[in-house]
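Here is a short briefing on one protein model. Look through the sequence and the structure before reading on.

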Amino acid sequence: MKLKTDKSKKLWNYSLKHLAGGVNSPVRAFNAVGGTPLFIKEAKGSRLKDVDGNSYVDYVTSWGVMILGHADPDIQKAITGAIGKGTSYGAPTEAEAVLAEMIKKALPSIQKLRFVSSGTEAVMSAIRLARGYTGRDKIVKFTGCYHGHADSLLVKAGSGAATFGSPSSPGVPAAFARNTVSLEYNDIEGFRAYMKRSGKEVACVIVEPVAANMGLMLPEPGFLAALRKTCTATGALLIFDEVITGFRVGFGGAQGLYGIKPDLTTLGKIIGGGLPVGAYGGGKKIMKHLSPAGKVYQAGTLSGNPLAMAAGCAAIKKLSKPGVYKQLEASGQAMEKGLRLIIREGNLPLTLNRVGSLFTLFFSKGPLKDWTGAAGCDTKRYADYFWAMAERGVYLPPSQFETCFISTAHKPADIEATLKAAEQALLL
Ligand SMILES: *Cc1c(COP(=O)(O)O)cnc(C)c1O
């Protein structure tokens, strides 16, 4: 079997002439799986169609953004309704407060929030606020967690940075990196030991409460609770980066699922309904330090953009309906059950991690719970698996170090077709 990619190849050569590296975000270049990136023509529901006419069940779903599937009619209606009234004013609108209120209802740790235009911007701003609030400079993160591409965070970051083997990037001043400490995910003792020594200098501890940028790693029992307890004891703020997990692992995000209350939360992806949005928020006592009420500066020309707010409101409204997360869990369970069966049948050295509608099949015997584990995967075999699945009509993330996302538009027939493809790709 061979995938037809003539038109994608043509567009790739065209893009390479005009875009840096041919893309606007590194993982799209397919460096980790080789071959030509597939150029997408259109998408609907659970499916992507590329320019050569190939159709795929999509497990990237814009990196989790499209939790309701592509081209959702309610989101489309909201966007077209807003578009006729102008697309940006640089002045306040009602929709911004409406979406903020909806988010607060889902995530009670947030009393005030601010919208920005991307997850990166949300994290960068939350960290500035944490530093401004505490008067401390150091930040603690966990290796393999990705928090966007801001300077202080590009230290042992996962995702694209991991895929490209550049855990920190040229252009990040050493002085910045010195204030960032990266510890092993799920290593409670290592964390406690560091905080015992230096906790009083730490402005914030930032974590993906479920790590989804080194493939999927679940927090071990007690890990998040230990972060909470130690942060409270040392006066460091605990930031949950819920850019992926917010409105994904449950309507209340990972903080709702695991019952841990962070001081600040960063959001993105899902809350924009497919348009560019980020947000960060927390208790009033911290958020009041943000300009114009306080002295920590942060601003944005397109922040709270009316189209993005309309799309976000439509998405959150739909996600608040009963049964949504039950359906996502059921789809995740069906996928897990099927994949485990294949692993057992072939006695394959693979590990499956899953929570709700997030999962990663790792090419390693496992169990896997941190970056050291992820880094031991057979990425060459993953690349073969990626292409074998693409040929069979399934679009997976083009890197072992990314997570698969199921949407509400993925029906049992999609999951079955995917499992059939996986059986052939893994066992034949
Ligand atoms: C995607 C992501 C970001 C960055 O968001 P962008 O919108 O890509 O800037 C930050 N944190 C996490 C956990 C993410 O998954």
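Where does Asn186 lie? Asn186 sits in the loop between strand 6 (180-183) and helix 7 (188-198). Its phi is near 75 degrees, a positive value in a residue other than glycine. The model is predicted.

- Domain 1 brings 36 residues to the contact, and domain 2 brings 37 residues.
- About 3000 Å² is buried between domain 1 and domain 2, with 67% of it on carbon and sulfur atoms.
- On the domain 1 side, Tyr325, Lys369 and Trp371 lose the most area to domain 2. Together these three make up 22% of what that side buries.

**The domain 1 side in detail**

- Four elements each supply at least two residues of the side of domain 1 that touches domain 2: helix 12 (324-346), strand 11 (351-355), strand 12 (358-362) and helix 13 (371-375).
- Strand 12 gives the most to this side, with four residues.
- By class, the side of domain 1 that touches domain 2 has 21 nonpolar, 10 polar and five charged residues.

**Ligand surroundings**

- The residues surrounding the ligand include Ser118, Gly119, Thr120, Tyr146, His147 and Gly148.
- Also among them are Glu208, Asn213, Asp241, Val243, Ile244 and Lys269.
- Thr120 places a polar side-chain atom 2.6 Å from an oxygen atom of the ligand.
- An N or O atom in the side chain of Lys269 is 2.6 Å from an oxygen atom of the ligand.
- Tyr146 contributes through its backbone: a polar backbone atom is 3.4 Å from a nitrogen atom of the ligand.

**Backbone features in loops**

- The peptide bond from Ser291 to Pro292 is cis, with omega near 10 degrees. Pro292 is in the loop between helix 10 (284-287) and helix 11 (306-319).
- A cis peptide bond also runs from Gly366 to Pro367, with omega near 0 degrees. Pro367 is in the loop between strand 12 and helix 13. Both of those elements supply residues to the side of domain 1 that touches domain 2.
- Trp63 has phi near 60 degrees, a positive value in a residue other than glycine. Trp63 is in the loop between strand 3 (55-58) and helix 2 (73-83).

Definitions and conventions. Residues are numbered from 1 along each chain as its sequence is written. This is a predicted model: local features need pLDDT of at least 70, side-chain atom pairs count only at pLDDT 80 or more; totals for chains, interfaces and linings use all residues. Side-chain values use heavy atoms; hydrogens and water are left out. Contact means heavy atoms within 4.5 Å. Buried area is the accessible area (1.4 Å probe) that two parts lose on being put together, summed over both. Ala, Val, Leu, Ile, Met, Phe, Trp, Tyr, Cys and Pro count as nonpolar, Asp, Glu, Lys and Arg as charged, and the others, Gly among them, as polar. A residue is near a molecule or strand if one of its heavy atoms lies within 4 Å of it. A polar contact is a pair of N or O atoms within 3.5 Å; within protein, one must be able to donate a hydrogen and the other to accept it, and residues adjacent in sequence count only if both atoms are side-chain atoms.
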